[in-house]
Amino acid sequence: MTKASPATIAQLTSTPALELIDIVKEYPGTPPVRALDGVSLRVEDGELAAIVGPSGSGKSTMLHVMGTLDRPTTGQLRIDGRNVSEFGDRRLSAVRSQLIGFVFQQFFLIDGMSALDNVANGLLYAGLPTAKRRVAAAEALIKVGLAHRLGHFPNQLSGGERQRVAIARAIVHDPAIVLADEPTGNLDSAASEAIMELLHGLHQAGSTILVITHDRELASSLPRQISVRDGRIETDTSPSHSNDAGSGWPAGKSAPGHTASSQLLNRANDE
Amino acid sequence: MSDGPRSNESRKLKPSKLRPADVVSVGSSGLRTRKMRTALSALGITIGIAAMVGVLGISESSRADLQAQIEALGTNLLSVQPSGGFGGGDGTLPEESVAKVSRIGPVERVADVVEMEQTILRNDVVNPNETGGLSVMAADLDLLATLNGDVSTGVWLDEAKASVPTVVLGSVAAERLAVTEVDQGPMVYIGGEWFAVVGILAPFPLAPDLDRAALIGKPIAASMFEAELNPSIIVLRTRAGSIDQVRSVLGPTVDPQSPDEVSISRPSELLEAQDATESAFTNLFLGLGAVSLLVGGVGIANVMVIAVIERRNEIGLRRALGATRAHIRRQFLTESLILSVIGGLAGVVLGALVTAGYSTAQGWQVVVPPLAIIGGLASAVIIGAIAGLYPAMRAARLAPTEALRAT
């Protein structure tokens, strides 16, 4: 272990935000449809990456499995170091409420609630009292640049603003990973650009974000692209695959106490 | 990869939790955004509960009124008449029976009336056959006191008036003879003689026969019409608690030779029978109320099933935000309960208003039985729970991926 390169040590000792080990997902039928065919993937803490592929490639199934919304047929899923493959409904719900943030193409905001309360919903199932949820929600809305829209209702907001609210909801509980499913799919190009800028900004500040998209151009703007086709990973520009420690590491890694490198240091000191 | 504790596994995974206050706000959010639908779907329950509370309230108010009447009239009144069966006598009781009855220990008061053959007419020119169903009776002076009766106008007979041609009219008799007051000294024509009306009686709920009678004194009946004064009806009051004892000895006392030809009745029992008849109607209406409650429950179940289908995305979102199946189930169950409790509360209020309105119009005291209120709300809760159960389970079983699919 002492002779290993720093990158290898990082992989061995740090906890990845998300790890898929030989995931297979089959849907019943004759013959069964294999949507995911042995997918292994590791997303490090603090990464910003794209999963890109055409429709029917299996990327949506991948999102559902990674988000614990659907169970793999075989294989192991680890989120923030926990093997959640064997978790029941209640513990999976707990994983979603605390470790995962979702951003959807259709935003899925609740119409009868203000932006603030929609974001506070991100903490609803964590059991926090309303006042604390609202404080955290206001902070998250400020982070996404909607400080002036706290009391607005979804129908008073533009598409881009709605998606910002949804992103605020996804980060309000400081999840281990944010899964964004076609986050710009319902937006015009200007709003799309702004949303991507926001995701980059959040990444800079230390968030781990996985964007699922069919848009190769959008994917290429992100530090790492994982290309999916026919239920398999076709290419991956990850440093762990290319062994190029420099290119894929996100800038947010430098945030103290929250990064793989500092964990590496701690770990090294312990040993 | 090491299986030992990880340096950054500081984040303890706490189970998903929905605070009780949040259960209510989450459960009512769907209703708040669809107010019209909420009102309409609660309406079925409202009508059902209002019907039940109203029926119970009105019947209870009417019963309270009847009880108050019975209370005021007393339940210790007995009435003795010759039974009109086969081989029944001449329709009278032995002359000495009043004296005998008054000697029974617990009898406090006794009085009798004698039915006369004479007819009463408004004047001497009307057709003598058109008696209007009215009868003429010679009455004991004690009659009014024994019956707890009262005059509505004028005075009751006294010893002086009883031996001169004066008459007191029952309430119905006065109405049929068009006598409304006694100040002008109205006269009526009884058995070919003129009698002065000195009083009009208030209705006797316990002796409706007397309402249709013209009562004259026994002395004038004997002197003017040479009537035999065998009692037709004897009424008596007993001490409270001794009524059954008195009842059992009345027959042999009145007519020792043929006690079976004496019919004894307790007029207050008639009112109680009336009460029982009304409660049969009450049950019918309660049944109708129950049916409309059932229909209301089905309506709520229907609306909830639709809500679950319409709000698939919201269910998916909540699951993605960390709601467990139990949380989703609880949300929709709560929604259904809130819906039915809103309906139930409105129904109780409406039912109470209907009761108050109807009872006031009838001149009764308003009684809304607490049991009807509690029962109404309880049945609303039960119906809400049953109606919400299936939709809530459906919502909870919905796979998150299915729920998140774009509609």
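Where does H1(B) bend, and by how many degrees? At Gly27(B), by about 25 degrees. The bend at a residue is the angle between axes fitted to the seven residues ending there and the seven starting there.

Some housekeeping. This is a predicted model, in which local features need pLDDT of at least 70, side-chain atom pairs count only at pLDDT 80 or more, and totals for chains, interfaces and linings use all residues. Residues are numbered from 1 along each chain as its sequence is written, while chains are lettered from A and ligands numbered from 1 in the order in which they are written. Helices (H or I, at least four residues) and strands (E, at least two) are DSSP runs, numbered from the N terminus.

Back to H1(B). It has 14 residues, and at 1.5 Å a residue they should span 20 Å. The end C-alpha atoms are 21 Å apart, which agrees. The expected span here is 1.5 Å times one less than the number of residues. Buried in H1(B) are Asp22(B), Val26(B), Gly27(B), Ser29(B), Gly30(B) and Leu31(B). Buried means that 20 or more other C-beta atoms lie within 10 Å of the residue's own; exposed means 12 or fewer, partly exposed is in between, and C-beta atoms are placed from the backbone. What covers those buried residues includes H2, helix H10 (267-310) and H12 of chain B.

Now helix H2 of chain B, residues 35-73. Its 39 residues should span 57 Å at 1.5 Å a residue. Its end C-alpha atoms are 54 Å apart, so the span agrees. H2(B) has a kink of about 35 degrees, centred on Leu43(B). After H2(B) comes Gly74(B), with a positive phi, near 90 degrees.

Staying in chain B, take strand S9, residues 213-217. Five of its five residues are buried. Both faces are covered. Ala213(B), Leu215(B) and Gly217(B) lie on one side, Ala214(B) and Ile216(B) on the other. In a regular strand the side chains alternate between the two faces of the sheet.

Which strands pair with S9(B)? Strand S4 (residues 135-139) of chain B runs parallel to S9(B), joined by five bridges. Two strands pair if DSSP finds at least two bridges between them. Ala139(B) stands opposite Gly217(B). Strand S6 (residues 166-169) of chain B pairs with S9(B) in the antiparallel sense, over two bridges. There, Leu169(B) has Ala214(B) as its bridge partner.

On to chain A, and its six-stranded sheet. The sheet is open, the order is S6-S7-S8-S3-S9-S10, and the pairing is mixed. Strand S6 (100-103) and strand S10 (232-236) stand at the edges with a single partner strand each, so one side of each has no neighbour in the sheet. The twist averages 20 degrees from one strand to the next. For angles, axes are lines fitted to C-alpha atoms, for helices over the stretch in contact, and values run from 0 to 180 degrees between N-to-C directions.

S6(A) and strand S7 (residues 177-181) of chain A pair in the parallel sense, over four bridges. Phe102(A) has Leu179(A) as its bridge partner. Helix H2 (residues 59-66) of chain A packs on the sheet, touching strand S3 (48-52), S7, strand S8 (209-213) and strand S9 (224-229) of chain A. The direction of this helix makes about 150 degrees with that of S7(A).

What about S8(A)? Five of its five residues are buried. Ile209(A), Val211(A) and Thr213(A) point one way, Leu210(A) and Ile212(A) the other. S3(A) runs parallel to S8(A), joined by five bridges, with Ile51(A) opposite Ile212(A). S7(A) also runs parallel to S8(A), through four bridges. Leu179(A) has Leu210(A) as its bridge partner in S8(A).

Chain A has a four-stranded open sheet too, in the order S2-S1-S4-S5, with antiparallel pairing. Its edge strands are S2 (33-43) and S5 (82-83), each pairing on one side only. Strand S1 (residues 18-27) and strand S4 (residues 74-79) of chain A share five antiparallel bridges. Leu20(A) stands opposite Leu77(A) there.

Last, the interface. How many residues of chain B are in contact with chain A? The count is 30, against 32 residues of chain A. Contact means C-beta atoms, placed from the backbone, within 7 Å. On the chain B side, H1 (20-33), H11 (312-320), H12 (325-362) and H14 (400-404) each give two or more residues.

Notes:
Contact = placed C-beta atoms within 7 Å.
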